[in-house]
Amino acid sequence: MTTDQQTQVTPAGPDPTFDWKAWRLDGGRTAAAACVLAYAVALWGQGGSLRWAGVAVGVETILVGLPWRVPRRRRSGPSFWAETSAGMLVPVGAAVLAVVSGPSWFGDSPAWWWYLLGAAAGIALVLLGGMNLRALVSGDLAFLYGPTPRPQALARVTTSLLSPTGEEVVFRGTYLAAPAVAAGPLGLLAAAAFVARHHIAPGANRRGSARATVTEVSAAAVLLGLTVASGSILPALVAHVVNNAPSIVFELQREHDEGGTP
């Protein structure tokens, strides 16, 4: 068998979870991790419940930065779920902490029209992201991208469903929870960390294009702006959920079982 022929052979089983030999943080991932860790340190410095949020942010950064093997499609379902769970440490943990501790700002509800503004902001972010909604509704977009293994699709759907509440608590609620003198700087650092957090994991993850970056930065600014102006995380949460909805539909359309049956 020639060398060229050997490279075309597909392994029979799934790839290992980690690729230790390929573990290296390039400049972009290193900068992203440093930004998020800086936010974790800032949260620790605030004390109280924010200190524990900082610990969670720091631990999650380390876990997400592990050498998860890419491309992910060749890995087993449990392996992919392990990586997904590592990336949900902060949002799920923060949501649970907020429900249990019940900070005063967590349940503050602004005027009804803020929710409409949040929904409009979510729609604007979807349009800015450039997803072809007509092709999404028809199913053509999922057909174009092709099927994805059911465990991976369901893991992504779970993330999109569970993350918004916790992410709003950690990356916007901290503005409301911090002392007035620290709220502004902490809010801006949180916005930067929110964008950076999505660039730590290895692989492209459909990110890196100019349009994706503009959308991410715009989302961080819009969600923070909604929180600051309304005095509540709820309008930003509505915008976040609306923004995630098309991706949930997309992943559900693509999922299939191991036998290839949709």
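Against which helices do the buried residues of α4 pack? They pack against α3, α5 (89-101) and α9 (150-171). The structure is a predicted model, and its protein chain contains 13 helices and 2 strands. The points below describe the chain as a whole, then helix α4 and several individual residues.

**Overall dimensions and fold**

- For 262 residues, a compact globule would have a radius of gyration near 18 Å, and the 20 Å of the protein chain agrees with that expectation.
- Along the principal axes, the C-alpha atoms of the protein chain occupy a box of roughly 70 × 40 × 35 Å.
- Among contacts with a separation of 6 or more in the protein chain, 80% are between residues 24 or more positions apart.

**Burial, surface and charge**

- Of the 262 residues in the protein chain, 40% are buried.
- The protein chain carries 18 positive and 15 negative side chains, with the centres of the two sets 3 Å apart.

- Helix α4 spans residues 77-87, and its buried residues are Gly77, Ser79, Phe80, Glu83, Thr84 and Ala86.
- The loop between α3 and α4 contains Pro71.
- The peptide bond from Val70 to Pro71 is cis, with omega near 0°.
- In general, most peptide bonds are trans.

**Glu60 in helix α3**

- Glu60 belongs to helix α3, which covers residues 48-64.
- Because its relative accessibility is 4%, and the limit for burial is under 20%, Glu60 counts as buried.
- The side chain of Glu60 makes a polar contact of 2.7 Å with the side chain of Arg197.
- When residues up to four places away in sequence are not counted, Glu60 touches Ala86, Gly87, Met88, Leu89, Val90, Pro91 and Arg197.
- One of these partners, Ala86, is also among the buried residues of helix α4.

**Gly187 in helix α11**

- Gly187 is placed in helix α11, which comprises residues 180-197.
- With a relative accessible area of 2%, Gly187 is buried.
- Apart from neighbours within four places in sequence, Gly187 is in contact with Tyr175 and Leu224.
- Gly187 and Lys21 are separated by 166 residues in sequence, and their C-alpha atoms are 37 Å apart in space.

**Ser218 in helix α12**

- Ser218 lies in helix α12, made up of residues 210-230.
- The relative accessibility of Ser218 is 21%, so this residue counts as partly exposed.
- Leu125 and Leu128 are in contact with Ser218 once neighbours within four places in sequence are left aside.
- A distance of 24 Å separates the C-alpha atoms of Ser218 and Ala53, which are 165 residues apart along the chain.

**Val100 in helix α5**

- Val100 is located in helix α5, one of the helices against which the buried residues of α4 pack.
- Val100 has a relative accessible area of 69% and is therefore exposed.

Technical notes: Residues numbered from 1 in each chain as written. Heavy atoms only, no water. Helix = DSSP H or I, 4+ residues; strand = E, 2+ residues; numbered from the N terminus. Rg over C-alpha atoms; globule rule 2.2 N^0.38 Å. Buried < 20%, exposed > 50% of the residue type's maximum accessible area, 1.4 Å probe, protein only. Contact = heavy atoms within 4.5 Å. Lys, Arg positive; Asp, Glu negative; His and termini not counted. Charge placed at Lys NZ, Arg CZ, Asp CG, Glu CD. Polar contact = N/O pair within 3.5 Å; in protein donor to acceptor, adjacent residues only side chain to side chain.
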